[in-house]
Amino acid sequence: MSHRIAVLPGDGIGPEIVAQAVRVLQALDLPLQLEEAPVGGAAYEAAGHPLPPATLELAKGADAVLFGAVGDWKYDSLPRELRPEQAILGLRKSLGLFANLRPAVLYPELAHASTLKPEVVSGLDILILRELTGDIYFGTPRGVREAPDGAFTGLREGFDTMRYAEPEIRRIAHIGFQSARKRNKRLCSVDKANVLETSQLWRDIVIDVAREYPDVELSHMYVDNAAMQLVRAPREFDVIVTGNLFGDILSDEAAMLTGSIGMLPSASLNEQGQGLYEPSHGSAPDIANQDKANPLATILSAAMLLRYSLNLSAQADRIEQAVRTVLAQGLRTADIYQPGDTLVGTRAIGDAVIQALK
Ligand code: IPM
Ligand code: MN
């Protein structure tokens with residue numbers, strides 16, 4: 001039986017990094033059926049919408065989606081519903097991709113690039129689990145209106161709604177505990193329960209779910225403190241579970257600790273095990289089409305795809321090992337280069353990974 005993979009390269013460096021991940025997947029000689037479609041600004045140009053129906057249908061029918069990146073400053077003046085970012089938000093919502101796994105791993109060879117001192121950060125390996133289909137990202141009502149009453153009556157006000165339903169919190173909490181179980185058995189739930197109603201409910205439910213996982217050590221942290229602890233002593237974390245907005249912010253912060261956002265993959269999973277896999281970084285239009293971008297985050301995302309959606313862990317291990325081999329060989333794209341390394345381009349890194357698979 002062959003596995004269907006929707007390949008959505010997107011904008012900026014998306015196409016060139018996805019091309020390398022596709023080559024790596026093809027080199028494994030697995031029964032994969034790869035089908036490509038436009039997304040983001042590229043789809044807006046081609047079809048007038050960042051997530052055209054044909055792209056969405058392809059993604060829905062696939063076992064997994066390999067996604068590049070979307071966005072470009074040139075779309076900044078479009079109305080929000082036509083901006084490239086709407087494609088990824090639409091895919092998350094339409095496919096029910098509620099569980100976003102964002103590992104932050106420091107590769108020993110790249111320790112120099114971290115913003116933190118080696119003694120604080122060496123060996124860092126944490127997992128940020130971000131809830132991805134709820135929260136203020138999708139809560140309604142939202143909009144801009146004339147302020148109804150109070151000091152600003154008659155003036156424009158913008159408003160969003162932070163909202164979490166109990167089952168949404170429960171299911172991400174379960175994934176949090178299960179992920180911790182496979183790692184170092186520590187789960188830190190991050191919220192703002194001292195201020196927000198949604199966070200108080202979040203905390204109550206996480207505590208309730210914890211009763212099913214007595215072997216996992218649970219802690220709670222307010223998000224402001226979590227942001228501070230991440231730069232003070234990041235290795236004290238194992239798995240962090242948090243909501244959509246806090247997870248967006250903390251995962252960028254954690255990525256920077258590894259000094260190499262070009263190395264970090266991500267997986268977004270639904271209840272059926274279908275997943276969307278994308279690098280944690282963006283579309284970097286400033287370096288697009290120059291053979292400069294680091295494709296390793298996307299290649300590692302392809303490894304997560306094999307592991308989580310296709311159950312091919314041994315093949316995922318092969319890719320991850322090949323990436324470590326390439327780093328050990330001293331090959332570096334510009335984002336992680338330092339004098340003494342061998343500076344190479346996007347395609348050459350892809351070649352090296354494929355070579356190292358053998
Ligand atoms: C991310 C991105 C997206 C988000 C944007 C592009 C909508 O920042 O995947 O973290 O905010 O979730
Ligand atoms: Mn983000």
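## Threonine 333 and its surroundings

Apart from neighbours within four places in sequence, threonine 333 is in contact with Gly262, Lys292, Ala293, Asn294, Val344, Thr346 and Ile349. Two residues are in contact if their C-beta atoms, placed from the backbone, lie within 7 Å. This is a predicted model, in which local features need pLDDT of at least 70, side-chain atom pairs count only at pLDDT 80 or more, and totals for chains, interfaces and linings use all residues. Residues are numbered from 1 along each chain as its sequence is written, while chains are lettered from A and ligands numbered from 1 in the order in which they are written.

Threonine 333 lies in the loop between β13 (331-332) and β14 (342-343). Helices (H or I, at least four residues) and strands (E, at least two) are DSSP runs, numbered from the N terminus. Is threonine 333 buried or exposed? Threonine 333 counts as buried because 23 other C-beta atoms lie within 10 Å. The cut-offs are 20 or more other C-beta atoms within 10 Å of a residue's own for buried, 12 or fewer for exposed, and anything in between for partly exposed, with C-beta atoms placed from the backbone. Leucine 343 is 10 residues away from threonine 333 along the chain, and their C-alpha atoms are separated by 5.7 Å.

## Confidence

The protein has an average pLDDT of 96, and 100% of the residues score at least 70. pLDDT is the predictor's confidence in each residue, on a scale from 0 to 100. For the complex, the predictor gives an ipTM of 0.99 and a pTM of 0.95.

## Two domains

The domain assignment gives domain 1 (1-98 + 276-358) and domain 2 (115-257). Such bounds come from an automatic or database domain assignment. The centres of the two domains, taken over C-alpha atoms, are separated by 26 Å. In the contact between them, domain 1 supplies 6 residues and domain 2 supplies 9 residues. On the side of domain 1 that touches domain 2 there are 2 nonpolar, 2 polar and 2 charged residues. Here Ala, Val, Leu, Ile, Met, Phe, Trp, Tyr, Cys and Pro count as nonpolar, Asp, Glu, Lys and Arg as charged, and the others, Gly among them, as polar.

## Strand β8 and its partners

Strand β8 (residues 186-191) is mostly covered, with 5 of its 6 residues buried. β8 pairs with strand β9 (residues 217-222) in the parallel sense over 6 bridges. Two strands pair if DSSP finds at least two bridges between them. From β8 the chain passes through helix α7 (residues 197-210) to β9, and this β-α-β crossover is right-handed. A crossover is right-handed if, with the strands pointing away from the viewer, the path from the first strand over the helix to the second runs clockwise.

β8 also pairs with strand β10 (residues 239-242), in the parallel sense over 4 bridges. Valine 190 stands opposite methionine 221 in β9 and opposite threonine 242 in β10.

Why is strand β4 (residues 99-105) described as largely enclosed by the rest of the structure? The description applies because 6 of its 7 residues are buried.

β4 pairs with strand β5 (residues 125-131) in the antiparallel sense over 7 bridges. Arginine 130 in β5 is the bridge partner of asparagine 100. β4 also pairs with strand β11 (residues 265-269), in the antiparallel sense over 3 bridges. Alanine 99 stands opposite leucine 269 in β11.

## Residues in other loops

Tyrosine 213 lies in the loop between α7 and β9. Tyrosine 213 is partly exposed, with 18 other C-beta atoms within 10 Å. Leaving aside neighbours within four places in sequence, tyrosine 213 is in contact with Phe177 and Arg181. Glutamine 178 is 35 residues from tyrosine 213 in sequence and 8.3 Å from it in space, C-alpha to C-alpha.

Proline 141 lies in the loop between β5 and β6 (143-146). The peptide bond from threonine 140 to proline 141 is cis, with omega near 0 degrees.

## Positive phi values

Aspartate 29 has a phi near 60 degrees, a positive value in a residue other than glycine. Aspartate 29 is in the loop between α1 (14-27) and β2 (32-36), and counts as exposed because it has 8 C-beta neighbours inside 10 Å.

Asparagine 311 also has a phi near 60 degrees. Asparagine 311 is found in the loop between α10 (296-308) and α11 (313-328). With 12 C-beta neighbours inside 10 Å, asparagine 311 counts as exposed.
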